[in-house]
Amino acid sequence: MKFLLRFLLLALPLALALPVAPVRAATTPCCGPITSDGDRLAAMLDRSGVGHLWLAHEHVNWLTGAPDPARPGYARHATHCSAFAAAMAERAGVYLLRPPAHSQALLATAQMHWLERDGGANGWRMVDPRTAQTLANQGWFVVAVFGNPDPHRPGHIAVLRPGRESLARFDRLGPEETQAGGHNFIRTTIARGFSFHPGAWEPGGTGTIRFFAHPVNWSSLAPPA
């Protein structure tokens, strides 16, 4: 009996310790806490109405996402990821290339080129995926953008939103985002949102998406109506 008790006392701590490491790895947050400014960013995106505005196959007002009365009817190839991103940037007090400086046609790729060329002079900086999510959690305005190498085909752009993903989930699916496009999402992952562009997101962030971040002075913005 004494031998059995001694064995159990020695074995129990080891048995309890074994599952700890994989559980922590699976649940460790990837990118820091969500701050009060991060909450403001999330609320702005939640109020955007992207579930029923900036809809595919409609001509829309880029700023409001509402159908354009001057151009009624079905628009076969129209999607509005870039108009939505520009509209959200405007609401956050941030400039992102937009109409009338560039038409809505093929705007996402043009936005990526503008960010690479002129973004630094306009307060933007290019960051890696984890930094992008960390800054979104802190209330920065962050975009993920894929520039299509085919100049006749559209790219894609989305706005990052605060998220509490585990490190394992983040490395697999990427940051959380809000977007218009072929499908509009209040909340989804980069992997899903960019799924129509093979190779844009690869596990670990090795794809062709680029991330750009801009600080937001939330205290200077008018409260929502």
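The model is a predicted one, in which local features need pLDDT of at least 70 and side-chain atom pairs count only at pLDDT 80 or more, while totals for chains, interfaces and linings use all residues. Residues are numbered from 1 along each chain as its sequence is written, and side-chain values use heavy atoms, with hydrogens and water left out.

**The chain as a whole**

The secondary structure comes to eight helices and six strands, where helices (H or I, at least four residues) and strands (E, at least two) are DSSP runs numbered from the N terminus. Read from the N terminus on, these elements follow the order α-α-α-α-α-β-α-β-β-α-β-β-α-β. The chain has 225 residues, of which 44% count as buried; buried means under 20% relative accessible area, exposed over 50%, and partly exposed in between, with a 1.4 Å probe and protein chains only. The accessible surface comes to about 12,100 Å², and 60% of it belongs to carbon and sulfur atoms; such areas come from the Shrake-Rupley method with a 1.4 Å probe, and for residues only the protein chains shown count as cover. Among contacts (heavy atoms within 4.5 Å) between residues at least 6 apart in sequence, 64% join residues at least 24 apart.

**Helix α3 and its buried side**

Helix α3 spans residues 36-46, and its residues Gly38, Leu41, Ala42, Met44 and Leu45 are buried. They cover an arc of only 160° around the axis, which puts them on the same side of α3; the arc is that of the directions from the helix axis to the C-beta atoms. The buried residues of α3 pack against the helices α4 (81-91) and α6 (129-137), and also against the strands β2 (141-146), β3 (156-160), β4 and β5 (185-189).

Six of the six residues of β2 are buried, so the strand is largely enclosed by the rest of the structure. In a regular strand the side chains alternate between the two faces of the sheet. Both faces of β2 are covered, with Phe141, Val143 and Val145 buried on one side and Val142, Ala144 and Phe146 buried on the other. Two strands pair if DSSP finds at least two bridges between them. Strand β2 runs antiparallel to strand β6 (residues 210-214), to which five bridges join it, and Val142 has Ala213 as its bridge partner in β6. With β3, strand β2 pairs in the antiparallel sense over four bridges, and here Ala144 has Ala158 as its bridge partner.

**Two buried strand residues**

Gln179 lies in strand β4 (residues 176-179) and counts as buried, at 2% relative accessibility. Its side chain is joined to that of His156 by a polar contact of 2.9 Å; a polar contact is a pair of N or O atoms within 3.5 Å, where within protein one must be able to donate a hydrogen and the other to accept it, and residues adjacent in sequence count only if both atoms are side-chain atoms. Not counting residues up to four places away in sequence, Gln179 touches Val50, Phe84, His156, Ala158, Asn184, Phe185 and Gly193.

Val127 has its place in strand β1 (residues 125-127) and is also buried, at 14% relative accessibility. Although Val127 and Phe211 are 84 residues apart in sequence, they are 5.6 Å apart in space, C-alpha to C-alpha. With residues up to four places away in sequence left out, Val127 touches Ala132, Leu135, Phe211 and Ala213.

**Salt bridges**

A salt bridge is a side-chain nitrogen of Lys or Arg within 4 Å of a carboxyl oxygen of Asp or Glu, and by this rule the count comes to six.

| Asp37 | Arg40 | 2.5 Å |

Asp37 and Arg40 both lie in helix α3, three residues apart, about one turn of the helix. Asp37 is partly exposed at 24% relative accessibility, as is Arg40 with a relative accessible area of 42%. Asp46 lies in helix α3 and Arg161 in the loop between β3 and α7 (167-173), so this pair ties together parts that are 115 residues apart in sequence. Asp46 is partly exposed at 43%, whereas Arg161 is buried, with a relative accessible area of 2%. Besides these pairs, Arg169, Glu176 and Arg187 are linked in a network of salt bridges.
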